[in-house]
Amino acid sequence: MEWTGARYGDQPTVEVETWVDAPPEQVWPAVVDVEAMPGQSPEVQRVEWLEGGAPRVGARFRGHNAHEALGEWSTVSHVVECEEPRVFAWAVEDADNPTATWRFTLEPAGGGTRLRQWVRMGPAPSGLSLAIERMPDKEQKIVFVRLREFEKNMTGTVEAIKKRVEGA
């Protein structure tokens, strides 16, 4: 990831991708299995569907996270896109004004699937906003470091999904 100089209010994004040797229909179940996220990302500790949820627009799930510098926190996410087997996305905390929006896209490619994970910060304030408020002169660096962490963790996530699907 290259330095962009982005600020939180710019709603910066990052995206990673991998190719999976399976059609999107076989990759989809691993993508929407939010309860498996703890084995795919070092920050995610536990995830559970709320109200007997399942992958569909309007469903909600709670994620419990931990980060060495940010501590521990929980968030409720709202599924905002669910087009099997192409797109699965959720907004964190408020579906209309999220602290972040996450999305997986699956696209047939080369006899398999191009799997992408994307995230956008904001527009609502998040835990990162607290660090920015304490050190406003370092906002661009704080955002850049967090985007690089996202990129690293997301790369691990798509690779974990790839291994899970290809090993099945």
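Because the model is predicted, local features are given where pLDDT is at least 70 and side-chain atom pairs where it is 80 or more, while totals for chains, interfaces and linings use all residues. Residues are numbered from 1 along each chain as its sequence is written, and side-chain values use heavy atoms, with hydrogens and water left out.

**View 1. Helix H2 has a buried side and an exposed face.** Helix H2 spans residues 127-134, and its buried residues are Leu128, Ser129, Ala131 and Ile132. These four sit on the same side of H2 because they cover an arc of only 160° around the axis. (The arc is that of the directions from the helix axis to the C-beta atoms.) On the face turned away from the buried side you will find the exposed residues Glu133 and Arg134. Here, buried means under 20% relative accessible area, exposed means over 50%, and partly exposed lies in between, using a 1.4 Å probe and protein chains only. Helices (H or I, at least four residues) and strands (E, at least two) are DSSP runs, numbered from the N terminus.

**View 2. Helix H2 packs against strand S7 and helix H3.** The buried residues of H2 pack against S7 (112-121) and H3 (139-166). At the helix pair, Leu128, Ala131 and Ile132 in H2 meet Glu139, Ile142, Val143 and Arg146 in H3; contact means heavy atoms within 4.5 Å. The two axes come within 9 Å and cross at roughly 150°, and H2 and H3 are therefore roughly antiparallel. Axes are lines fitted to C-alpha atoms, for helices over the stretch in contact, and angles run from 0 to 180 degrees between N-to-C directions. Angles under 35 degrees count as roughly parallel, over 145 as roughly antiparallel, 65 to 115 as roughly perpendicular and the rest as oblique. The crossing of H2 and H3 is right-handed: a crossing is right-handed if the near helix is turned clockwise from the far one by less than a right angle, and left-handed if anticlockwise.

**View 3. Helix H1 also meets helix H3.** The axes of H1 (residues 24-31) and H3 come within 10 Å and cross at roughly 120°, so the two helices are oblique to each other. H1 passes H3 in a right-handed crossing. From H1, Gln26, Val27, Ala30 and Val31 meet Ile161, Arg164 and Val165 of H3.

**View 4. Eight aromatic residues form one cluster.** The members are Trp28, Trp49, Phe61, Phe88, Trp90, Trp102, Phe104 and Phe150. The structure holds eight aromatic pairs. Among them, Phe61 and Trp90 are edge-to-face, at 5.7 Å centre to centre with 70° between the planes. This pair links Phe61 in strand S3 (residues 60-67) to Trp90 in strand S5 (residues 87-92), 29 residues apart. Both Phe61 and Trp90 are buried. The rings of Trp102 and Phe150 also make an edge-to-face pair, because their centres are 5.1 Å apart and their planes lie at 70°. Trp102 lies in strand S6 (residues 100-109) and Phe150 in helix H3, so this pair ties together parts 48 residues apart in sequence. Trp102 counts as buried at 15% relative accessibility, and Phe150 is buried with 10%. Rings of Phe, Tyr and Trp (its six-membered ring) pair if their centres lie within 6.5 Å; planes under 30 degrees apart count as stacked, over 60 as edge-to-face and the rest as tilted.

**View 5. Thr75 is a buried residue in strand S4.** S4 covers residues 71-83, and Thr75 has a relative accessibility of 15%. Leaving out residues up to four places away in sequence, Thr75 touches Phe61, Arg62, Gly63, Asn65, Val92 and Glu93.
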